[in-house]
Amino acid sequence: MCGDESLQIFVGQEGDCLPLMERGTCKLEDSHQWDCVLVADLQTQKSEKQVQRQRQFLEKLESKGFHYKIIKDQKKVFFGIRADSRIFDLYRTLLMKPEDPGPRAKLSNINSIPVTTRIRIVSFIVNNKAKPGDTFEDLVKDGVFETMFPLHEGEKELKRKWARWRNMFRKQPIDDIRNYFGEKVALYFAWLGWYTYMLVPAAVVGLVIFLSGFALFNSSQISKEICAADDIYMCPLGDNSHNYQPLSGMCAFAKLTHLFDNDGTVVFAIFMALWATVFLEIWKRQRARVVLHWDLYGWDKEEEEMALQLINCPDYKLKTHHHSYLSSTIILILSLFMVLPGTVLRAGDPAISILHGGPPHPSQICFMIGMAHVLVVYRVVAAALFSSIMEHQVTTVVVVTGAVVHYVIIVIMTKVNKYVALKLCSFEDPRTFSERESKFTVKFFILQFFAHFSSLIYIAFILGRINGHPGKSTRLAGLWKLEECHLSGCMTDLFIQMAIIMGLKQTLSNCIEYLRPWFAHKYRLMRAYKRGIKSKDPDLEEWQRNYRMNPVNTFSLFDEFMEMMIQYGFTTIFVAAFPLAPLLALFSNLVEIRLDAIKMVRLQRRLIPRKANDIGTWLQVLETIGVLAVIANGMVIAFTSEFIPRIVYKYHYGPCTQNRNFTADCLEGYVNHSLSVFYTKHFQDHGKIGSQANVTVCRYRDYRNDRDYNLSEQFWFILAIRLAFVILFEHVALCIKLIAAWFVPDVPQSVKNKVLEEKYQILRDKMCFSSRSTDV
């Protein structure tokens, strides 16, 4: 406290904004006068119990060295909170060095405290638990307070240089972002900017691979054979499809498939594996330069959190690390139980879970398992229903509508997954907030991974491979015939699914992300304008302006990170099937950077600044995605695309192996070789099918003999080559990743030398001081 406490009561005319009191007053600086503002509904003043709890909370803050000012308007009660300078002196003492925005500020005023530091410390103390049921969060739940937020002050420069659509192609002012929002937000935008920059070469290569297909659009041997195959009829796909479709009807799709299923796909997949590694390694170097510039290279997160705990409560008892093997085993079993049932129809899902938390409610588990099956069941049932309405393009309609259904499932499961991940974390009781955040990140990402990628895994590795053959089809619940791939191949299905999901996520999600807070903010402003009462108190006017902005929470920045992680997964994991993914991600990120900037500066209340010197657990998530991308792309090339069957035919079964003087295309006859024969007389309802009475043989995509329809010798030979390719591809790609990671050091030599010089100078100063003390 400074000076004696004073109590001031102000009385005004009815309808005016009435300042009620100011406690613990002292002469405050003109700038950054209030660290944060608490808000309560005016109706709480009619309840003696609510007023008493508000008073007790404020008195607790006052005992810790806080000043506060209470003002009310017609609807709300505002509590301005400011911490005494002694709190920040103690903070600097505990950490043994002053904290400043940067070297220049250090020279100009070594005693200044950055606003971000003030807000961070005040927010920690206000939200910290004094006793059970006494946290600010508990008071909000009980209706004692409504919210708490720091004030937007001095943001005009950020609005001018950063939070404008016209600045989309300008460099981001990372230091200014750090000085206003804190290091964690600044590192997010620094990472996002670097990710966007690195997407440029990936987008260019992907576009070249895609467009190279146009050069062979009409010259592809496979496309020529399909377009000329008027005398080859494909077997009906659905139960209600009663016509034999000529293979030539797939001419357009065959040409389209060649755009992304060509020999360049393998090269692009290896390139993306190398790109992902180089991107992360160079980001680590960028991060090292940035945090050294901020004087946070050797910053200790645990020391920071312990210092805040001691400032809040001098009697704070240290929480030690703990681990329970029994708890981890139980959670692993429960996690596998949650995942494995979803792989009955999605056998391609990676049934691995590393959650470490308490079990969610059984109803939540059943709901998650049910949602995992919704898409598969929908595709099977929709195929049966649409086939009774339309004879052609049933598969295309099912794929398109299935992608939309998948997007809706993703939106629903995001909310469910967040709740389940929080429940899991609540059983663990992590030591610190950062540890809780790290554990929650791992849990939430794994759940989100299954929600976003389950359908893609199903299409890539399961669809069309377990449904038998014409005349003897596998059925769901004994009723509906399992869905098959498009007649042009499963790569078409995967391409369409990726294109629609990425398109919806990059366009619809971004539109909602911007328009929802924009309309909400405008609505709040209109309501305030209709009241027509303007405050005469400058403090209250500023508090009301900030209150009318959209609220933020702990997940505001977390959600932005998660959105980018999922996008990074789409950009790398199945990029072999959709080479345009990096290009879409590039366009999306250019919008996303300014969208997030406008939201944070113009539409939302100010985020609580968080101190950090890296992006935390998200780096491990990125590295995990990079490994999964190598595995997934290798399997897509081997099992989903026609790359391996084409290579095997070209060098083992094709005409070039039979006749070395063969001058035509070595893939001549591939289409006929890749289609199995089925005699139409073996259909159980042969009399109901089609008007082509003279069709005695139909073809289908598989490698089976025409006697008993069992898998042929060619199938097993090609399967062996597929498996060998996956092993070879993954080893080569992973070796390239490891070599790239070794070749590019995580920390630049300039940064290492700078840190080394600082350590040397500190030791020299200590030695000189020791010498002078000895001489005295």
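Me: Is C666 buried or exposed?
Reply: Buried means under 20% relative accessible area, exposed over 50%, and partly exposed in between, with a 1.4 Å probe and protein chains only. The relative accessible area of C666 is 18%, so this cysteine counts as buried.

Me: What kind of model is this, and how are residues numbered?
Reply: Side-chain values use heavy atoms, with hydrogens and water left out, and residues are numbered from 1 along each chain as its sequence is written. Local features need pLDDT of at least 70 and side-chain atom pairs count only at pLDDT 80 or more, while totals for chains, interfaces and linings use all residues; the model is predicted.

Me: Which residue forms a disulfide with C656?
Reply: A disulfide is a pair of cysteine sulfur atoms within 2.5 Å. The sulfur atom of C656 lies 1.8 Å from that of its partner, C666.

Me: How many residues apart in sequence are the parts that C656 and C666 tie together?
Reply: Helices (H or I, at least four residues) and strands (E, at least two) are DSSP runs, numbered from the N terminus. The torsion about the S-S bond of C656 and C666 is about -90 degrees, so this disulfide is left-handed. C656 belongs to helix 23 (residues 655-658) and C666 to the loop between helix 23 and helix 24 (670-674), so the separation of the parts is 10 residues.

Me: Is the disulfide of C227 and C251 right-handed or left-handed?
Reply: The sulfur atoms of C227 and C251 are 1.8 Å apart in this disulfide. The torsion about the S-S bond is about 80 degrees, so the disulfide of C227 and C251 is right-handed.

Me: Which helix holds C251?
Reply: C227 has 23% relative accessibility and therefore counts as partly exposed, whereas C251, at 19%, is buried. The pair ties together parts that are 24 residues apart in sequence, because C227 lies in helix 9 (residues 221-227) and C251 in helix 10 (residues 251-260).

Me: Which strand holds C698?
Reply: C698 is joined to C235 by a disulfide with an S to S distance of 1.9 Å, and the 85 degrees about the S-S bond make this link right-handed. The two cysteines are 463 residues apart: C235 sits in the loop between strand 6 (233-234) and strand 7 (245-246), and C698 in strand 13 (residues 697-701).

Me: What is the count of disulfides?
Reply: The pairs include C235 with C698, and both of these cysteines are buried. By the sulfur distance rule, the count of disulfides is 3.

Me: What is the relative accessible area of C511?
Reply: C768, at 37% relative accessibility, counts as partly exposed. C511 is also partly exposed, and its relative accessible area is 43%.

Me: Which helix has the lowest mean pLDDT among the elements?
Reply: pLDDT is the predictor's confidence in each residue, from 0 to 100. The mean pLDDT of the protein is 80, and 81% of its residues reach 70 or more. Among the elements, helix 7 (residues 174-181) has the highest mean, 94, and the lowest, 41, belongs to helix 3 (residues 103-108).

Me: How many contacts does the model have for residues 98-110 beyond four places in sequence?
Reply: Contact means heavy atoms within 4.5 Å. Over residues 98-110 pLDDT stays under 50, and the number of such contacts is 25.

Me: What percentage of the residues of the protein count as buried?
Reply: The protein has 26 helices and 13 strands. Of its 776 residues, the buried share is 51%.
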